[in-house]
Amino acid sequence: MADTDRIRILVADDIADTRNNLAKLLGFEPDLTIVGSAAGGTEAVELAKQLRPDVILMDINMPDMDGITATEIIANAVPESPIIMMSVQGEQDYLRRSMLAGAREFLVKPFSADELVNAIRHVHELEKVKRARYAAAAPAASGATTAAHEPTRGQVFSFFAPKGGVGRTTIATNLAVALHQSTGKPVVLVDGSLPFGDVAVILNISPKAKTIADLIGSFESVDADILESVLVQHSTGIKVLLAPPTPESTELITGAHMKLVLDTLRERYAYVIVDTWPSFQEQVLAMLDASDVILTLMTLEITSLKNVKVFLDIADKLGYDDQKLQLVANRNDSSGGIKIGDIEASLGRKIPHTIVSDGRTLVLAVNRGVPFIISHKDTPVARDVFAMAAKLSGATATAAAEPAKVPARGGRRLFAR
């Protein structure tokens, strides 16, 4: 393999034995090569500027300049060189600080050769995709005539919340139905909350239905027709791609797999709605990267506000602009909550979508297994979701189409998975 085809790596660690061990581990991989070695953060910054490597392995604890400070400097000076942080501490705070500084991956020592190599290839692939996306965006503005002949691609709207319990899955599910009801266009809902997906429960889908786990082992050959074969047709008119039935399957589904799934679905569906989960694992980052809009759900509580602030900083480091990231205030009329205006002032950005609180309606809908968009269409909470659908689809907030008829049910299954 030619040197130009290899992933060029810079290693920064103050322990010489660690640097040597990393060199030995990576020496067995024909597509990887170490182009520089730094014994501290200051040296790492200088070498990064000189060498502009494809990937940087950065230790978090170094005497002259710690890895987080060095990462912040490199992320601004050499943004095309993604950083993998290495640490003997696996605490959440270290992960959070590393992501805020600009790191793309976090490895806890000791890690295996496979973990290291997979992380390097993953962040390198993500960086290539990011560059390609920006390169494609540049001529788009001047290529209006050519674009008219390009096939229409669907839009991917992903729901993300930095903490659980804010109603993410319920709103994502009902938005998918609202988009289909109000536009008449094909919509697919992806349960991207891979470890503990609840879409099947909310929609009362049979536990025997196919899921994304049915694609494990054959992702490399997946095309639109194969993917279509594992989608569930729901009575509301939308299609659904369910999460795996057990959390263990999540480890066999990579970020690259999720990107392939979303890119394939958007070729056939006008809208792809994705429910993620509160994590910065590679699968979640891949889904967020592939999204046209990230709908960040929050409630009017101080803990939710704090976590959203952290995510906004991370999103900025990941290169997500204000148009891609839109805030959604759920339960915005709950008593004792912080006022919308105060939150907007604190975050320094507008909240384009608000949804009222209606716990009784939501509980009734979930227990019936029918989205409240259909069972309680005239309630304020349903109108708010239709309004969000109208904004996202570019339509006016007029009355939605008549809801699809939902077959009578012979009793609600307590557990759909």
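**The largest pocket and its surroundings**

Mentor: Let's begin with size: the largest pocket holds about 1,300 Å³ of space. Closest to its centre, among the 49 residues lining it, are Glu105, Phe280, Gln281, Glu282 and Gln283. Two or more lining residues come from each of α4 (92-101), β5 (105-108), α5 (113-140), α10 (255-265), α11 and α12. The largest share belongs to α5, with eight residues.

Before we walk on, some ground rules. This is a predicted model, in which local features need pLDDT of at least 70 and side-chain atom pairs count only at pLDDT 80 or more, while totals for chains, interfaces and linings use all residues. Residues are numbered from 1 along each chain as its sequence is written, and side-chain values use heavy atoms, with hydrogens and water left out. A pocket is an open set of points on a 1 Å grid over the protein atoms alone, with protein on both sides within 12 Å along at least five of seven lines, and lining residues have an atom within 4 Å of a point. Grid points are joined across faces, edges and corners, and the volume is the space filled by probe spheres set on them. Helices (H or I, at least four residues) and strands (E, at least two) are DSSP runs, numbered from the N terminus.

Strands of a sheet pair through backbone hydrogen bonds, either parallel or antiparallel. Here, two strands pair if DSSP finds at least two bridges between them.

The partner to look at is β4 (residues 83-87), which runs parallel to β5 and is joined to it by four bridges. Find Met86 and you will see Leu107 of β5 opposite. On its other flank, β4 is joined to β3 by four bridges, again running parallel, and there Ile84 is the bridge partner of Leu57. How covered is β4? Five of its five residues are buried, where buried means under 20% relative accessible area, exposed over 50%, and partly exposed in between (1.4 Å probe, protein chains only). In a regular strand the side chains alternate between the two faces of the sheet. In β4, Ile83, Met85 and Ser87 point one way while Ile84 and Met86 point the other way.

Ring pairs tie Phe160, Phe280 and Phe311 into a cluster. Rings of Phe, Tyr and Trp (its six-membered ring) pair if their centres lie within 6.5 Å; planes under 30 degrees apart count as stacked, over 60 as edge-to-face and the rest as tilted. A search of the whole structure gives four aromatic pairs. In one of them, Phe157 and Tyr271 have ring centres 6.0 Å apart and planes at 25 degrees, so they are stacked. That pair bridges 114 residues of chain, from Phe157 in strand β6 to Tyr271 in strand β10. Both Phe157 and Tyr271 are buried. Phe280 and Phe311 are also a stacked pair, because their centres are 6.3 Å apart and their planes at 20 degrees. These two lie 31 residues apart, with Phe280 in the loop between β10 and α11 (282-289) and Phe311 in helix α12 (residues 302-317). Phe280 is partly exposed, at 22% relative accessible area, whereas Phe311 is buried, at 0%.

Finally, β6 and β10 take us to another sheet: eight strands, open and mixed in pairing, ordered β8-β9-β7-β10-β6-β11-β12-β13. Its edge strands, β8 (232-233) and β13 (353-355), pair on one side only. Helix α7 (residues 168-183) lies across β6 (155-160), β7 (187-191), β10 (271-275), β11, β12 and β13, at about 170 degrees to β10. Helix α16 (residues 380-393) packs on the sheet too, touching β6, β10, β11, β12 and β13, where contact means heavy atoms within 4.5 Å.

Terms used. Axes are lines fitted to C-alpha atoms, for helices over the stretch in contact, and angles run from 0 to 180 degrees between N-to-C directions. On a 1 Å grid over the protein atoms alone, a cavity is a set of points where a 1.4 Å probe fits but cannot get out, and a pocket is an open set with protein on both sides within 12 Å along at least five of seven lines; lining residues have an atom within 4 Å of a point.
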